[in-house]
Amino acid sequence: MKRFAAFAALLFAASAAIAAGREPVLKQVDLPHNYYWRELYIPQLTTGPSSVSFTPDGTALIYSMAGSLWRQAIGSDEATELTHPRGAYDYQPDVSADGRSVVFSSYNGDGIELWRLDLGTGAERQLTLGSDVNVEPRLSPDGKRIAWVSTQGTGHFNLCIADLDAGGIHNAHALLGDRQSKISRYYYSTWDHALNPSWTPDGKRILYVSNPEVAWGTGDIWSVAVDNPTDRRKVYGEETSWNARPETSPDGKLVLFASYHGRQWKQLWVTTPGGAAPLPLSFGEFDRWNARWSPDGKRIAYVDNEHGNTRLIVQTVAGGATIPIVAKTRRYSVPRARFTLDIRDEQGRAVSARVAVLGSDLRAAAPADVWMHADDGFDRALQSAETHYFDCASTCTIEALAGDTKVWVQRGFRYLPWQQTVKLAEGAVTLPVTLQLNDLPPSFGKFTSADLHVHMNYGGHYRNTPGNLARQARAEDLGVIYNLLVNKEERVPDIAYFQPDPDPASGDGVTILHSQEYHTSYWGHLGLLGLSDHYLTPGFVAYQNSPLASAWPDNGAIADLAHAQGALVGYVHPFDTVPDPVNDKSLSNELPADVANGKVDYMEIVGFSDHKSTAQVWYRLLNLGFRIPAGAGTDAMANYASPRGPVGMNRVFLETGGDASPAALKAALKAGRTFASNGPLLGLELDGKHPGATIARPAPGKIAYRIALRSPVAVDHLELVQNGKVVKAFALAGDRRNFDARGELDADTSGWILLRAWNDGADPQVLDIYLYATTSPVYVELPGGMPAAPDDAHYFIAWLDRVIADAGARKDFRSAGERDMVLAYLRKARNRYANLIVVRR
């Protein structure tokens with residue numbers, strides 16, 4: 001138990017030390033869409049169990065829970081902690097056949113290494129080095145070899161094998177060679193991976209999951225001969241999702257694996273080593289996964305999320321009787337202290353909030369029954385690992401190692417962060433927390449905050465419900481959540497919840513609205529807010545190497561269908577970089593065409609993209625006279641243990657006069673009475689008008705402005721932007737969280753003016769790439785109309801030329817009619833931009 005983190009965690013770094021150094025968790029993995037593989041494949045810190053292994057006699061389990069390994073007899077309610085590393089978290093135990101040791105994976109904020117624990121002496125030995133990602137260790141039946149998955153040398157997930165003895169591992173090598181598939185894959189690397197290894201009972205073969213020439217899903221179940229790796233056989237083919245984890249029964253006759261198999265939730269299935277059509281071993285509208293056979297093959301142990309959090313179950317194969325494994329009594333390996341948070345607002349009312357606790361052991365701590373979440377990135381100069389957090393319903397009790405414990409309490413953007421280091425001693429103490437309000441002056445409007453882009457369930461560790469989603473919103477001081485139903489490859493996890501009206505779980509200051517995200521990574525993803533009748537199926541197009549490969553219906557056609565239902569249509573998480581029509585020959589995003597053709601009601605200026613890059617494109621559209629309101633959405637996978645961010649991390653403030661009805665929300669967003677933010681609150685008034693309004697003047701002159709900034713964290717830059725150019729930069733001093741100013745601007749031409757705030761780099765208190773906020777514009781109309789913006793028009797003409805060329809070259813339209821409709825639509829938009837050059841010359 002003498003393991004230590006490589007360097008100390010600094011959860012609460014001073015703002016002066018903040019630099020642009022935020023990088024993804026496990027940055028050494030060279031695969032696209034890290035938010036998927038990190039949650040669906042990599043072990044995550046949960047307060048409930050996450051993975052399990054039987055002891056050889058089948059009477060006890062060794063499992064991972066809260067970042068430690070535990071041992072618990074089946075039928076007992078007492079668990080004994082076996083490991084408790086400093087600054088690290090232990091997962092994925094596999095017990096040796098002789099019962100003397102257990103191998104496991106351990107994450108230290110840098111990489112994931114394999115370790116071995118001697119169950120007799122408690123001695124631990126590190127097996128791998130190099131700060132790669134090493135996961136899923138599995139011991140051979142004779143204990144002389146070990147198989148696992150590693151990114152060493154490639155950054156991709158490869159199947160490795162090594163000899164194992166008392167001195168550690170020897171002769172480690174990749175069992176399968178590197179291979180690139182020729183087929184196009186959007187969510188996966190062109191390099192094939194090999195995952196989920198397990199040994200056959202005779203120790204001669206390894207089952208694994210791989211994706212050679214598979215476009216969707218993580219691949220098929222395969223078998224390889226350990227001593228002749230050219231002997232590979234496909235056992236069974238289907239669209240797996242990272243954690244099928246096939247395992248042969250002890251008698252060698254069945255293969256157990258997890259699959260959603262055309263359903264919305266993962267359950268346990270069995271096939272045979274010969275690949276017989278699978279049959280379900282379990283049922284339910286929740287997930288079961290990480291299943292293991294008992295040594296006698298009569299029972300299985302698995303993790304499920306039937307009640308929301310993860311839990312551990314032992315089930316008989318014949319009959320399905322279950323025994324929940326509940327650690328009512330926990331025997332810790334280190335002394336513990338207990339403290340209770342009592343969180344209240346400025347009026348003394350009990351309120352919920354987001355909480356992060358870092359113990360003196362440099363490990364995150366939380367109550368035993370909450371959902372633990374993790375940030376997806378961090379600055380390694382400021383922290384040794386990502387921030388972990390949970391929601392506290394006003395009062396919550398936490399056990400942590402005695403000593404200095406850091407506590408951070410945050411409730412949305414209207415309250416200042418509460419931070420304190422508490423010196424815990426053995427025993428119990430109550431820690432009162434009073435949050436300080438730091439809201440905008442009410443003269444700027446009466447706002448309702450909304451996250452336009454949340455996914456309640458999306459394949460994560462937890463099972464979410466509208467009631468719990470509302471609780472998540474309250475902890476973030478968030479008024480409205482648009483739960484965007486969307487496919488996760490074959491399935492649509494929340495499809496049963498679709499309804500036009502607010503969810504019945506709404507209330508107590510929170511409204512839950514079920515809407516839709518339309519998936520097409522070819523044209524760009526759309527948010528469809530407020531569908532009045534039905535979900536638009538199938539929900540995606542242009543999925544190459546699938547039956548739905550055609551790029552029709554394009555986004556313009558989908559926008560028409562959504563508008564026919566009274567919905568608003570917006571472009572979500574638009575751009576990670578500024579599109580380059582000159583050099584990007586595969587540019588296919590349809591935004592310029594949909595804007596020109598009047599289909600776009602809003603854009604997520606603050607979202608799961610680069611806010612500054614998105615704003616540059618937005619400014620060009622505004623310069624051409626297109627009035628596109630600023631929206632915001634987190635793209636939060638709200639049932640993830642490692643989400644993109646908590647609900648409301650990116651939110652839009654809608655000036656509704658306090659009316660939170662769906663109609664009022666839609667009207668405010670459509671009219672541009674908004675500001676979008678991941679922290680700062682912005683107030684803008686020009687000649688008494690607020691964002692979304694128009695100032696009509698008979699002649700040029702001065703415009704009076706009044707602005708306000710209220711922010712939970714320090715702001716580097718606060719600026720007024722007019723027609724794409726900064727016309728006033730305000731000097732911020734002190735803590736740079738509060739600012740008010742008045743003055744005048746020159747209004748010599750028609751156009752638009754907005755207020756924005758941004759930071760140069762990341763801030764650990766903003767769980768996003770950097771701080772950013774912007775109002776929607778106030779529009780100015782003067783005689784003569786908008787000034788010419790030929791550079792902006794030419795930019796979008798070049799963009800559409802690329803889109804037209806790429807779409808025209810596609811061979812997968814189902815008919816010439818589909819292709820002709822799309823190209824005519826795109827050319828109509830191109831002509832609109834060309835006409836703007838002529839008209840304003």
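Is Cys160 buried or exposed? In the predicted model, Cys160 is buried, with a relative accessibility of 10%.

A disulfide is a covalent bond that joins the sulfur atoms of two cysteines. One such link is present in the structure. It is formed by Cys392 and Cys396, with a distance of 2.2 Å between their sulfur atoms. The link of Cys392 and Cys396 is left-handed, the angle about the S-S bond being -110°. Both partners lie below the 20% limit that marks a buried residue: Cys392 is buried at 1% relative accessibility, and Cys396 is buried with a relative accessible area of 10%.

Side chains of opposite charge can pair when their charged atoms come close. In this model the count of salt bridges is 44. One of them links the side chains of Asp375 and Arg22, with an N to O distance of 2.8 Å. Asp375 belongs to the loop between strand S29 (373–374) and strand S30 (377–379), whereas Arg22 belongs to strand S1 (residues 22–24), so the pair ties together parts separated by 353 residues in sequence. Asp375 itself is buried, its relative accessible area being 4%.

A further salt bridge joins the side chains of Glu23 and Lys27, at 3.0 Å from N to O. Glu23 is partly exposed at 31% relative accessibility, and Lys27 is likewise partly exposed, at 44%.

Asp716 and Arg736 also form a salt bridge, in which the closest N and O atoms are 3.1 Å apart. Asp716 is placed in the loop between strand S48 (701–710) and strand S49 (717–722), and Arg736 in the loop between strand S50 (725–730) and strand S51 (738–747); the pair therefore ties together parts that are 20 residues apart in sequence. Asp716 is partly exposed, with a relative accessible area of 27%, and Arg736 is partly exposed at 24%. Elsewhere, salt bridges with shared partners connect Asp94, Arg138, Glu247 and Arg292 into one network.

The model contains nine cavities of 30 Å³ or more, and the largest cavity has a volume of about 370 Å³. Its lining comprises 28 residues, of which Ser50, Ser51, Gln92, Arg245 and Asn290 are the closest to the centre. Two or more lining residues come from each of helix H1 (34–40), strand S2 (49–54), strand S6 (89–95), strand S10 (134–139), strand S14 (194–199) and strand S22 (288–293). Strand S22 gives the most to the lining of the largest cavity, with four residues. By class, this lining has eleven nonpolar, ten polar and seven charged residues.

The greatest contribution, three residues, is made by S36. In the lining of the second largest pocket, 13 residues are nonpolar, ten are polar and nine are charged.

Notes
Residues numbered from 1 in each chain as written. Predicted model: local features only at pLDDT ≥ 70, side-chain atom pairs only at ≥ 80, totals over all residues. Heavy atoms only, no water. Salt bridge = Lys/Arg side-chain N within 4 Å of Asp/Glu carboxyl O. Buried < 20%, exposed > 50% of the residue type's maximum accessible area, 1.4 Å probe, protein only. Nonpolar A, V, L, I, M, F, W, Y, C, P; charged D, E, K, R; others polar. Disulfide = S-S within 2.5 Å. 1 Å grid on protein atoms, 1.4 Å probe; cavity = no way out; pocket = protein on both sides within 12 Å on 5 of 7 lines; lining within 4 Å. Points joined across faces, edges and corners; volume = space filled by probe spheres on them.
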